[in-house]
Structure formats: C-alpha cells, structure tokens
Amino acid sequence: MPEINLLEAIRQAIDEMMAEDPRIFVFGEDVGKRGGVFRVTEGLYDKYGPMRVIDSPLAESVIVGAAVGAAMNETRPIAEIQFADFIAPAFNQLVQEAARIHYRSNGDWCVPMVVRTPYGGGIHGALYHSQSIEAIFAHIPGLKVVAPSTPYDAKGLLKSAIEDNNPVLFLEHKKTYRLIKGQVPEHDYRVPIGPADIKRPGEDLSVYAYGLMLHYCLEAAQTLAAEGVSVEVVDLRTLRPLDVETVLASARRTGKALVVHEDNLTGGFGGEVAALIAEHAFEHLDGPVMRLGGPDVPAMPFAKSLEDAFMPNPQKIADAMRKLAAY
Amino acid sequence: MALSIEELVTGADAGNEPSPATLREMFRYMVLARALDERMWLLNRAGKAPFVISCQGHEAAQVGAAFALTRGKDFTLPYYRGLGTVLVMGMTPTEVMLALFARAADPNSGGRQMPAHYSSRKLKIITQSSPVGTQIVHAAGVGLAEKIKGGDAVVWTSFGEGTTSQGDFHEGINLAAVHRLPVIFQCENNEYAISVPQQQQMAVASVADRAPAYGIPGISVDGTDVLAVYEVTRRAVERARRGDGPTLIEARVVRLTAHSSDDNDRTYRSPRELKSLRLNDPVARFAAYLHEHELMSEAEEQELRAEIAAEVDAATAEAEAAPLPEPETLLKHVYAE
C-alpha cells in the first residue's frame, strides 16, 4: 500500500468521488486555480472545470447557505471554509438551516452536504487561524461532526460524508495535513461515520482523543509503556454521532479514563465523554474521569512561548496519564 | 382545476396579455388568499390558532409573480407572508389550515413549525425558517445547482424590505449576479419591518436602487397591481431562463394588518395611516379592473366569493378535525437515512 499524507488522502477522496458522480462539486474560497490555501483541491480545477470547482465570493454565510440550497436541488456540494475560525458568519446557515431542514420539513427535504474546514493550532496561526470548533457544532442535533486523525480514516470517512444524506462538518487538523503519513489502499473503501477506533490497545487506562491530539496521545502512551503502564488509546473519529458503546466498553475494561483535546476545557467535548463514562461506567471506575484540554483563554496566541503554553503536547499528556495511573 | 400558468409561459402567445380566463384565475387566487388569511385571524381571536402572520395587502405581488412561474418546474422560496405564492404553486387550502392547526398531516412541517413556514418538496417550495433572509442564499444555491446541472428551472424567492438589511441579502444576490444564476429576488416592500419604517432600514428610496451595485437589473413595481407584477416577473423569468442572470424586483405593497397576531400596529401607525391603507387594497383594485373591463360581473364576483367561502369552511373543518402529531414522533427525522 502506498504511504501518503493526510492532505493527499483528502484530495484523493474528493477526486475519486467527483470522477464517479457528476452531482458533486467543490465550493469555497481559493479552491479553484489556487487549489486551496493548503492545496487540498490542487489539480481538481484543471480536471473538472470551473463549474465543479468553484471559487466562491469571500463570504462564509453564502458558502454554506448556497451549498444548502444546492444540496436541495439534486447536487452534492463539498463546501470549504478556509479556516475553522472563519465559520462564525456561517453559523446560522449551518446550525439553523442545514442541521434543521430535515427535521423541520418532517423528513421531506434533506441536505446532503459536506463542510470541510481545517482547524487546530500549533502552526503559529494565532487567535484566528488556530481554533478548535468541534464542541460548538457537536452540540447540534442534525449535524454530523467528523474529525479524522489518519490518512486512511480521512479518506474513508470523507467518502462516507460525501455519500451521506445529512450535513457533515468534516474537521481536518491542519497540523496533521503534511505531518501525518500513513498507508492508504489503492482500492475503493469507506470508513463509516460513527464508529470509534482503538488505535492502541491497553489495560491500565483509556485515553480518548481525535485529530492531532490522537497522535500526541499515542506518543505519550509509548512513553508510559516504557514505564510499565499500558495505555489504551481510543480515536473517537466521529464526534456526532458518538460511538458511546466503544467509549464505555474501553472505560469499563481499564477502569480509568482520560479525555484529551486541544479545545479549551470548559464546555469542551471532553465534558460530554466524561459525563457519559461517569453516568454509565461508574461501577467500573478506579479513579476520577480526567480531562486535559487547552486553557480557558479566548484563543491561541501567536508568540511561540504562548502557543506552546496553550497546546497540550506528549509531555503534558504523559504527565496526566501518570497521574491517573497512580491514582 | 386547469391553470393557465404553463400556457402563459410556454405557449405560442407568450408575451401577450393574459387571457380573460387567466385574469379571472388570478383574481380567484387573490380572493382565496385573502379569505384564508381572514379566517386564520378569526380562528386566532377565537383562541383556536396560537399564531397568524398575514399576506393581506401582498396578494397581487404574490399571485402576479407566481403566475409568471411554471408550477412543478420552478422553485419558490417564499417568506412567511407568501400565502398567495404557495396557493398558486399548488398548496391547497386544507394544507394551509393543517399548518395553522399544527396537524400531523401538515405537508409543510407536520406541525413542527409555526404557520406560514412554507415547504413542499413535491411543489418545489423550499422549507423556510424564521431568521429572515436565510432563504436568499439558499435561492442562489438552488440556482447554482441548476446551472451546474444544465437545467432551465427558475428560482424565485421573496422577502420584506427589512430583510434587505441582512448580510444574506447581499451575499445571496452577489453570488447570483457573479454567476448569472436563474434567480428572481422579489422584495415585497410594505414599508414596515414589524414597527420599524423603511427610512430607518435604508437610505435609498427603493430597494431596486441597490441592483446596479450588483450589476443586475432592478425594477420597482406597484405591488398592488397584479398585472404589473406579472409582467415584470414574466420578463425576469425569460431573462433567467435565457441564462442572462438574476433580477431584483421591488413590489411596493401595503401591510393591511399588524405584523402578526401578536403585534398591535396602532402603537406605531397613526389612525390616519391605518385608515388610508384600504385605499390601496390590491384585491379591491383588481376587482374594480375586472368590472371596468367587463371581464367579471358583480354577480360572478359574488358567486366566486361564495364558492371560496365554502372552500375555506371545508378546509377549516377538515384541518381542525385532523389529528395532532403523535408525541413519540418528536424524535423522528433528526437525520435522513
């Protein structure tokens, strides 16, 4: 199997799906000739032309809102929000429109649409190019929220998202784009939206993460293994609908749970995972359910010293693991 | 009932004056919209309907425009005053009343939304929400998809003049203009956004004045004149179908009622203004036109009104007797299969 990075996996998924289905089109800022500011859609404009790889006006509400309209007229848009931080002007279209249309029409209309967006920090993006937005949108019934961490999962999940008849927010950690490489089969495959994946089995404690943090957790788990602590690392992959069964089964098995995310702690997605474990796996727990997240500051600053202080990293995660293991 | 809409748009006489039969049909829809609307207010005041929002005063703008569209082919995204629009596009009085009473069989939302949040996939009426202007970007998107598919359906959306202050108004029209999308934007300007008058909403005299800034035609039309609205919309539809792009139409109308059943417009409109509104009643105006041109006699008008009253009675009775949604359906349709 060839090894590719996460960005190439996403591009392959879009390309292969567009080749098969003329209803699919890409719509976003700079996605055309430029191929996207991260080059995710590079080459697609030349291959599919300006009516299927469309440079949108610089306006996020119409990027999502027009995709919603197009999805109701027998097409399958893949909208791109250039940075997750810029999704706020499209909040109304995503939350009040896309997510509610199937429900409010009593099942008459549906919105088969993907909104792809790079999120997360550690790349000197400062306050407005580093944010994690998953918790806000994972709160919304009617939306699906996907956050892959490996090239294999990213490609398989994006294909599933494109085929899904619901609006899917597809979150791509921008630091993983070129950093994370992995084997991706040449044959056509899907990774279903929903199931989590145990990326590293272990016995002493369960750690839950997604995106870049998943890789940091694997690194920390390696460190802990050398110290004699066996850590299970669960890649949530899909945040909504969450694979509650896999989450609970792992916690019941190990008796200890730590949730790690880059998003700030309060009201973060870790709170939901922790609540589920506390409510449904309480009898099996040998320690408090712990969370490790970004600090409760408005967003990630630019200066390296401040960015490093914000970001959870393998060392911080290893420390949290040690603390929980020792409990 | 045979409608003349298709014939008007696709027939050999396209571009000519509507036939007398078509004119009477237009009148029928205007009277029907008014009669349903008035009945809804009675039901509200009788405590049977929690909420009503009106099309009264907008009937000519809505019926005139919808007659220029092709039912079953063209898309409409009408805002909450669009009762006249949806009736012409095929929604029945019973279906309208099912929505008023929030009944399970309501085709708009199965009783999930407030009344007047129109929707029907079968009729190509795209589901509406309450935050205003959100449908304008959807309309652009429906038009974008139509262009990608190479189809020739036209997309028509309506909104009030207050909504033109929203960002989605700008973003939607701009996208449609850039890609010359087949979309018609109809602003039904009744001079009030609930209580806020037009001059506190915009510094231009007409919403149509904004069109040149988008590089598209903008037309201001007397929205109480059904034939004038029909004619400008017919031209906009032709333009859109030819691939020449969108048109912004301002239909100047009157709002004959308060904003909604929960509003009291006597708190912000003068008694004199309230009294003068009826002088511009589009239904009365078109009735007078039909009489003057001997296209409808007094007796025929009375007969039509009696027929419609019976139709409204029957729709009300049927809808009121229909069951509410079952509580366990609350959890259905969060996600599509």
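Chain A contains 13 helices and 14 strands, where helices (H or I, at least four residues) and strands (E, at least two) are DSSP runs numbered from the N terminus. This is a predicted model, in which local features need pLDDT of at least 70 and side-chain atom pairs count only at pLDDT 80 or more, while totals for chains, interfaces and linings use all residues. Residues are numbered from 1 along each chain as its sequence is written, and chains are lettered from A and ligands numbered from 1 in the order in which they are written. Chain B, for its part, has twelve helices and seven strands.

**Overall form of the two chains**

- For the 327 residues of chain A, a compact globule would have a radius of gyration near 20 Å, and the 19 Å of chain A agrees with this; the radius is taken over C-alpha atoms, and the globule rule is 2.2 Å times the number of residues to the power 0.38.
- Chain B, with 337 residues, has a radius of gyration of 19 Å, close to the 20 Å from the globule rule, so chain B is as compact as a globular protein of that length.
- Taken along the principal axes, the C-alpha atoms of chain A fill a box of roughly 60 × 45 × 40 Å, and those of chain B fill one of roughly 55 × 50 × 45 Å.
- In chain A, 59% of the 327 residues count as buried, and in chain B buried residues make up 52% of the 337; a residue is buried if 20 or more other C-beta atoms, placed from the backbone, lie within 10 Å of its own, exposed if 12 or fewer, and partly exposed in between.
- Among contacts in chain A between residues at least 6 apart in sequence, 80% join residues at least 24 apart, a contact being a pair of residues whose C-beta atoms, placed from the backbone, lie within 7 Å.
- For chain B, residues 24 or more positions apart account for 74% of the contacts with a separation of 6 or more.

**Where chain A meets chain B**

- On the chain A side, 36 residues are in contact with 35 residues of chain B, and α3 (60-71), α4 (91-98) and α5 (101-104) of chain A each supply at least two residues of that side.
- The element that gives the most to this side of chain A is α3(A), with eight residues.
- By residue type, the side of chain A that touches chain B divides into 15 nonpolar, 15 polar and six charged residues, with Ala, Val, Leu, Ile, Met, Phe, Trp, Tyr, Cys and Pro counted as nonpolar, Asp, Glu, Lys and Arg as charged, and the others, Gly among them, as polar.

**Domains of chain A**

- Chain A is divided into domain 1 (3-183) and domain 2 (197-326), with bounds that come from an automatic or database domain assignment.
- The C-alpha centres of domain 1 and domain 2 of chain A lie 26 Å apart, and 26 residues of domain 1 are in contact with 25 residues of domain 2.
- On the domain 1 side of this boundary in chain A, α6 (134-138), β6 (144-146), α7 (151-163) and β7 (167-173) each supply at least two residues.
- The residues on that side of domain 1 of chain A divide into twelve nonpolar, ten polar and four charged.

**Strand β13 of chain A and its partners**

- Strand β13 (residues 257-264) of chain A is mostly covered, with seven of its eight residues buried.
- Strand β10 (residues 205-209) of chain A pairs with β13(A) in the parallel sense over three bridges, and two strands are said to pair if DSSP finds at least two bridges between them.
- Within β13(A), A:Ala257 is the bridge partner of A:Ser206.
- Strand β14 (residues 290-294) of chain A runs parallel to β13(A) and is joined to it by four bridges, and in β14(A) the bridge partner of A:Val259 is A:Arg291.

**Two buried residues of chain A**

- A:Pro118, found in strand β5 (residues 113-119) of chain A, counts as buried because it has 26 C-beta neighbours inside 10 Å.
- Leaving aside neighbours within four places in sequence, A:Pro118 is in contact with A:Phe38, A:Phe83, A:Ala84, A:Glu172 and A:Lys174.
- A:Ile317, found in helix α13 (residues 314-326) of chain A, counts as buried because it has 25 C-beta neighbours inside 10 Å.
- Not counting residues up to four places away in sequence, A:Ile317 touches A:Tyr216, A:Cys217, A:Ala220, A:Val260, A:Leu292 and A:Pro312.
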